[in-house]
Amino acid sequence: MEEYAREPCPWRIVDDCGGAFTMGTIGGGIFQAIKGFRNSPVGVNHRLRGSLTAVKTRAPQLGGSFAVWGGLFSMIDCSMVQVRGKEDPWNSITSGALTGAILAARNGPVAMVGSAAVGGILLALIEGAGILLTRFASAQFPSGPPITEDPSQLPSAQLPASPFGEYRQWQ
């Protein structure tokens, strides 16, 4: 199964890194706005200022963390495509596991194994959901019979009446 909407591999890394940064910054901004509002002193002015300070401080950091994860994942995914010569869900699952392991390397081998398992399982669930969704969507909208361009290959059928009251039949 190929992903047709994806960029070729060198540009995919940049695209995924930027998308991950954006997603982390927006999501982190929302989360930090709520957290900063709740943890600030009472008073609308204090709470809004605390919320804005938390967003400015933490959202770019979270976006950067997401970008590192997305960039590393894409680099490993592109490497897997190059080495294996095909693009399938196993590349993403392996990339998720290796990304988790590499990012946890500073915490020791036990943390690497745990993070690799979490990354692999998470990507397996995402890929499995994508495959199921694709199969469900294709079952909902079955393709019709193949379109032929040669009228002689069509089954014989009568056409609706013409404005002149005569019927025609394909031959």
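What follows is a quick chat about the overall fold, one serine and a helix pair.

Q: What kind of model is this?
A: It's a predicted model.

Q: OK, how many helices and strands does the protein chain have?
A: Four helices and zero strands. From the N terminus on, the order is α-α-α-α.

Q: And how much of the chain is buried?
A: Of its 171 residues, 25% count as buried. The accessible surface of the protein chain is about 12400 Å², and carbon and sulfur atoms account for 67% of that.

Q: Switching to Ser95: where does it sit?
A: Ser95 is in helix H3, which covers residues 89-103.

Q: Is Ser95 buried or exposed, and why?
A: Ser95 is buried, because its relative accessible area is 0% and the cut-off for buried is under 20%.

Q: What does Ser95 touch, leaving aside neighbours within four places in sequence?
A: Phe73, Ile76, Asp77 and Met80.

Q: How do H2 and H3 cross?
A: The axes of H2 (residues 44-84) and H3 come within 8 Å and cross at roughly 135°, so the two helices are oblique to each other. The crossing is right-handed.

Q: Which residues make that contact?
A: On the H2 side they include Val68, Trp69, Leu72 and Arg84, and on the H3 side Trp90, Leu98 and Ile102 are among them. Ser95 is one of the H3 residues there too.

Key:
Residues are numbered from 1 along each chain as its sequence is written. This is a predicted model: local features need pLDDT of at least 70, side-chain atom pairs count only at pLDDT 80 or more; totals for chains, interfaces and linings use all residues. Side-chain values use heavy atoms; hydrogens and water are left out. Buried means under 20% relative accessible area, exposed over 50%, partly exposed in between (1.4 Å probe, protein chains only). Accessible areas come from the Shrake-Rupley method with a 1.4 Å probe; for residues, only the protein chains shown count as cover. Contact means heavy atoms within 4.5 Å. Axes are lines fitted to C-alpha atoms, for helices over the stretch in contact, and angles run from 0 to 180 degrees between N-to-C directions. Angles under 35 degrees count as roughly parallel, over 145 as roughly antiparallel, 65 to 115 as roughly perpendicular and the rest as oblique. A crossing is left-handed if the near helix is turned anticlockwise from the far one by less than a right angle, and right-handed if clockwise.
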